[in-house]
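Visitor: I have a model open on screen and would like to learn how to read it. Could you walk me through a few features?

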Amino acid sequence: MQQQQTDQELIAQVLMGNTSAYSELVKRHQRFVFTLAVRFAKNREDAEEIAQDCFVKAYKALGTFNQTAKFSTWLYTITYTTAMSFLRKKRIETQSINGSENDLELEGHQSDLSNNLAERKSANKYLDEAITTLSNDDIVIVTMFYKGEQSLEEISQALNMPANTVKIRLHRARAKLKERLEVLLKDEVKELLWN
């Protein structure tokens with residue numbers, strides 16, 4: 001059985017001209033980059049555009065990557081700056097703000113899902129809704145910490161923010177999420193009782 005190559009080994013191959021090695025890097029990191037992009041863009045189409053731009057920018061800048069750092073942290077930094085630029089540009093182009101743009105697009109439910117899976121999807125729906133109420137920086141920190149499993153130091157590097165600031169923002173974001181989830185779930189219970 002062939003052992004999986006590290007990100008650094010793949011990067012070295014790409015830098016030597018093996019472009020197919022870059023597709024392996026994309027496969028490894030595309031899900032998280034897309035998840036982070038959705039958190040910012042709030043819709044699938046914009047998130048896909050942001051994610052694609054991130055990988056193109058990363059490919060072009062691969063020669064500047066510091067081989068002693070984690071590739072994922074470097075890539076998420078690119079994702080963050082690309083998303084912020086995209087949203088600024090889109091805000092300038094948009095004359096009016098439509099409230100429905102703030103809704104997070106969710107995947108459709110299949111009728112044959114088990115109750116356990118349906119409950120998890122419901123919980124994720126509320127968590128996603130609560131996350132959208134956070135500031136963009138807090139969304140990134142929460143997403144990188146929980147979904148990307150990045151350390152506080154890695155997040156600090158990616159966002160160019162002191163580690164203590166990241167720790168404090170993560171703590172405050174969790175408190176905000178807890179408050180928001182209590183409100184959302186309270187309303188859910190009321191809905192269930194009155195219907």
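Guide: We'll go from the overall make-up to a few local details. Keep in mind that this is a predicted model.

Visitor: How do H1 and H2 pack, and at what angle?

Guide: For a helix pair, look at angle, distance and handedness. H1 (residues 7–15) and H2 (residues 20–41) pack at about 145°, and their axes are 8 Å apart. Their crossing is left-handed. On the H1 side you'll find Asp7, Leu10, Ile11, Gln13 and Val14, which meet Ala21, Tyr22, Glu24, Leu25, Arg28 and His29 of H2. Sorted by class, that contact comprises six nonpolar, two polar and three charged residues.

Visitor: Where is Lys42, and is it buried or exposed?

Guide: Lys42 sits in the loop between H2 and H3. It counts as buried because its relative accessibility is 10%, and the cut-off for buried is under 20%. Check its backbone too: phi is near 70°, a positive value in a residue other than glycine.

Visitor: What span should H3 have?

Guide: The 18 residues of H3 (residues 44–61) should span 26 Å at 1.5 Å a residue, and the end C-alpha atoms are 25 Å apart, which agrees. At the start of H3, a side-chain oxygen of Asn43 comes within 3.3 Å of the backbone nitrogen of Glu45. Buried residues in this helix include Ala47, Ile50, Cys54 and Phe55.

Visitor: Which residues is Ser156 in contact with, leaving aside neighbours within four places in sequence?

Guide: Those are Met161, Pro162, Ala163 and Val166. Ser156 belongs to H7 (residues 152–159), and counts as buried because its relative accessible area is 8%. A polar atom of its side chain lies 2.3 Å from the backbone oxygen of Met161.

How values were computed:
Residues numbered from 1 in each chain as written. Predicted model: local features only at pLDDT ≥ 70, side-chain atom pairs only at ≥ 80, totals over all residues. Heavy atoms only, no water. Axes fitted to C-alpha atoms, helices over the stretch in contact; angles between N-to-C directions. Helix = DSSP H or I, 4+ residues; strand = E, 2+ residues; numbered from the N terminus. Left-handed = near helix turned anticlockwise from the far one by under 90°. Contact = heavy atoms within 4.5 Å. Nonpolar A, V, L, I, M, F, W, Y, C, P; charged D, E, K, R; others polar. Buried < 20%, exposed > 50% of the residue type's maximum accessible area, 1.4 Å probe, protein only. Polar contact = N/O pair within 3.5 Å; in protein donor to acceptor, adjacent residues only side chain to side chain. Expected span 1.5 Å × (residues − 1).
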